[in-house]
Amino acid sequence: MEQFTMRLSWLDAIQNLGDAERGRLLTALLEYAKTQEPKGLRGNERFVFESIAKEIDRERLCENAQILCENAHIDSTINSLSDSPSEEGTSSTMVLSSEDMFEIFWKRYNVKVNRKRCVDLWRKIKPDYKLLQTMLDAIAAWEKSSRWQRGYKPDPDTWLRNERWNDEVPDVEPPVPSGRKSKLTNLAQLYRETDE
């Protein structure tokens, strides 16, 4: 992990820490982002570190999921993540929380509005890995549709609320070859010819 996002909300968490504790906390967070091992925690910063480290973990997971999406390997990854026990009788080692799955959806859906409503709807839907994969597949299919190509893309909260992943995707319209005129152009030409 090359970078992580520092949040303004952390300022409240470190308000009661002294300068030395803040310095150790920052150093430990940077080390944790690099190696996933906290080092140098010895004062009150230990208590703040845990909650911030969880956010770094979530960001790392979302970054990894984004890389997977970009490389078109999300299918096998999501399918391999299941709640079913593995051969040893333990659950899968990589488990995505609902928030992590939402982040994957949010990064994949290319209209970024009404995030708070989307989060609320996501919590109501409670998607599992299979549904997330269905949603991602539907988004990919809709992106190729003529409606989305022409710019009609519903806001993500509308898409979630109406369960648009269950809708039939309209056929993809082939582009009109440059040598042929569209029907609208032909109609306009006929209209002009009748006026003359």
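Me: Where does D100 lie, and what makes it buried?

Reply: In this predicted model, D100 is part of helix α5, which covers residues 98-108. Its relative accessible area is 7%, and buried means under 20%, so D100 is called buried.

Me: Which residues is D100 in contact with, once its neighbours within four places in sequence are left aside?

Reply: They are R58, L61 and C62, and the word contact is used here for heavy atoms within 4.5 Å.

Me: Why is K126 called exposed?

Reply: The relative accessibility of K126 is 66%, and the term exposed applies over 50%, so K126 counts as exposed. This residue sits in the loop between α6 and α7, and its phi is near 50°, a positive value in a residue other than glycine.

Me: What makes E163 partly exposed?

Reply: At 41% relative accessibility, E163 falls between the limits of 20% and 50%, and therefore it counts as partly exposed. E163 is found in the loop between α9 and α10, and it too is not a glycine, yet has a positive phi of about 50°.

Me: Which residues touch the most other members of the largest nonpolar core?

Reply: Of the 24 residues in this core, they are F102, F105, Y109, W122, L132, W159 and L160. Two or more residues each come from α5, α6, α7 and α9, and α7 gives the largest share, with 7 residues. Apart from this core lies another, of 14 residues, among them F4, L17, L29 and A33. As a general background, nonpolar side chains in soluble globular proteins tend to be buried together.

Me: What kinds of residue line the largest pocket, and what is its volume?

Reply: The volume of the largest pocket is about 150 Å³, and its lining divides into 9 nonpolar, no polar and 2 charged residues. Among the lining residues are R7 and R22, as well as W10, L29 and I52; since Arg counts as charged, R7 and R22 belong to the charged group. The largest share of the lining, 4 residues, comes from α2, while α1 and α2 each supply at least two.

Note on methods:
Residues numbered from 1 in each chain as written. Predicted model: local features only at pLDDT ≥ 70, side-chain atom pairs only at ≥ 80, totals over all residues. Heavy atoms only, no water. Buried < 20%, exposed > 50% of the residue type's maximum accessible area, 1.4 Å probe, protein only. Core = buried A, V, L, I, M, F, W, Y, C linked by side-chain atoms within 4.5 Å. 1 Å grid on protein atoms, 1.4 Å probe; cavity = no way out; pocket = protein on both sides within 12 Å on 5 of 7 lines; lining within 4 Å. Points joined across faces, edges and corners; volume = space filled by probe spheres on them.
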